[in-house]
Amino acid sequence: SDEFGPAMFANLGSRRELAPEGKQVADAVLDAKIHQLQDPQRVAGLIQRLGDPSPEIRGQAVVGLQGAGAAAVGPLLSVLADPQRAAEHASVRAALVAVGPEAVGPLMGMLDASDPKIVAEAIAAIANLRAITPSYFVLRACCDEKGNAEVRTAARAAAKRIWKCVPSRQEAASLLADLSRRYAKRVEPLPEAPSGRVVIWSWDDAKKQAVAKSYQPDAAARHVAARLARDAYAVVPESREMLLLHLTTMLQEAAYDHGLDHPLTADKDSPAGKVQALGPDTLEDVLRFAMQEGQIAAATASARLLGQSVGAEALLRRAAQPCPLVVAVRHPDQRLRLAAVEAVMRLRPREPYAGASNVGEAVAFLAASHGTRRVLVGSPRTDEARRLAGLLAKLGYVTDSAATGRDLLRKALQSPDYELILV
């Protein structure tokens, strides 16, 4: 690879006449080169050369660290956290900036390190890289009056460098909450690897290093949204809105990780357990908030938890208008609708409550389910309906057809199993 260059091997792997052996050889050579560039002993040697009197050798060391990419960030920060190597700090900081965007991921993971020196240096490096989105993750430290003074000073200096001012607590929480919502709604993009997955770094306190984990893009967005919401609540813990955003994004991530068809277990230290411990009033607020935010998995989880909460039955008859749990029984999402109906039935209300008729209608509607994935096709042409039915059968759907608009509406209202209606 050193003699011929990576471009030649990339070209070798893309040539059809050499497949599959060409790609296998190219991948093996390039992987070996990456391992060589990221070898810990090589990286340590390059860092030592940053203090060499020769500008040429120092320049070669910086180029080598750039080639190591993310693997160089941890060792570089370890030097910065060591006061006995203060003479090397200036050249190491310059090398860290030279690594460029590849350094951002590990630096963000290091923000959760237990050593305040590492955290402070990671914040300073993020500021030097002028990475706008990652800088949001320093806002919590910027507003934490009870936190480590060195970390807070570094965070405020980073804020001044990027935003030209230090945001107030309310401003910081608003920035964090807004970005959390943007990730939750997939408005804010995440950088994807060539594999189509997203790499997110976190801190491993046992190993004393940042570690990378690969996520599907949707899962990565939920993870980042939950972290930002957690920080927003930490900045203004007195804000009810930030509490609900934090709990909602936490439940949303947990529900997907656990599996949407499997209720969350309310163990003491689990996300569901933490939310349930706050009582039925907060659970009801989370359900309402999650439906407003379009976080349906979190709404479904909170509805299920409400059905298991002592004293939640009183919520049904507390107001003249249907409570959020009763409103949820008419939600378009079938999973949420079923969870809400089950929760109401578990609570066994003994007195009348607003919206009780909606629950009865929902029970009858759901009872009509055949437990199959169905599609309703509306077409006056039977041959076209059969053609579509054949295609949909390969995807696991049972197809019903309607020749008229009236028949289409009648069938659509009778069955809860339709996932698609094709007209």
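What share of the contacts in the protein chain with a separation of 6 or more comes from residues 24 or more positions apart? The figure is 62%, where contact means heavy atoms within 4.5 Å. This is a predicted model, in which local features need pLDDT of at least 70, side-chain atom pairs count only at pLDDT 80 or more, and totals for chains, interfaces and linings use all residues. Residues are numbered from 1 along each chain as its sequence is written, and side-chain values use heavy atoms, with hydrogens and water left out.

**Overall make-up**

- The protein chain holds 22 helices and five strands. Both are DSSP runs numbered from the N terminus: helices are H or I with at least four residues, strands are E with at least two.
- Of the 423 residues in the protein chain, 44% are buried. Buried means under 20% relative accessible area, exposed means over 50%, and partly exposed lies in between (1.4 Å probe, protein chains only).

**Cores and helix 13**

- The largest nonpolar core has 110 residues. A nonpolar core is a set of buried Ala, Val, Leu, Ile, Met, Phe, Trp, Tyr and Cys residues joined through side-chain atoms within 4.5 Å.
- Helix 13 gives this core its largest share, nine residues.
- A second, separate core has six residues, including Val377, Leu388, Leu392 and Tyr397.
- In the largest core, the residues with the most contacts inside it are Leu65, Leu76, Leu107, Ile123 and Leu325.
- Leu107 touches Val73, Leu77, Leu96, Ala122, Ala125, Ile126 and Leu129, leaving out residues up to four places away in sequence.
- Helix 13 covers residues 217-235, 19 residues in total. Its first and last C-alpha atoms are 27 Å apart, close to the 27 Å expected at 1.5 Å a residue. The expected span is 1.5 Å times one less than the number of residues.
- Helix 13 is largely enclosed by the rest of the structure, because 14 of its 19 residues are buried.

- Helix 14 (residues 240-258) packs against helix 16 (residues 280-293) at about 75 degrees, with axes 9 Å apart. Axes are lines fitted to C-alpha atoms, for helices over the stretch in contact, and angles run from 0 to 180 degrees between N-to-C directions.
- Helix 14 is therefore roughly perpendicular to helix 16. Angles of 65 to 115 degrees count as roughly perpendicular, under 35 as roughly parallel, over 145 as roughly antiparallel, and the rest as oblique.
- On the helix 14 side, the contact is made by Arg240, Glu241, Leu244, Leu245, Leu247, Thr248 and Leu251. Helix 16 contributes Asp281, Thr282, Asp285, Val286, Phe289 and Ala290.
- Gln252 also sits in helix 14. With a relative accessible area of 8%, Gln252 is buried.
- A polar atom of the Gln252 side chain lies 3.3 Å from the backbone nitrogen of Ala297. For the backbone nitrogen of Ala298, the distance to a polar atom of that side chain is 2.8 Å.
- Apart from neighbours within four places in sequence, Gln252 is in contact with Arg222, Gln295, Ile296, Ala297 and Ala298.

- Arg182 belongs to helix 12 (residues 169-184). It counts as partly exposed, at 33% relative accessibility.
- The side chains of Arg182 and Glu188 are joined by a polar contact of 2.8 Å. A polar contact is a pair of N or O atoms within 3.5 Å; within protein, one must be able to donate a hydrogen and the other to accept it, and residues adjacent in sequence count only if both atoms are side-chain atoms.
- Arg186 lies in the loop between helix 12 and strand 1 (198-204). Its phi is near 60 degrees, a positive value in a residue other than glycine.
- Arg186 is partly exposed, with a relative accessible area of 36%.

- Ser379 is in the loop between strand 3 (374-378) and helix 21 (382-393). At 13% relative accessibility, it counts as buried.
- A polar atom of the Ser379 side chain lies 3.2 Å from the backbone nitrogen of Arg381.
- Arg348 is in the loop between helix 19 (334-347) and helix 20 (356-367). Arg348 is exposed, at a relative accessible area of 60%.
- Arg348 has a positive phi of about 50 degrees, although it is not a glycine.
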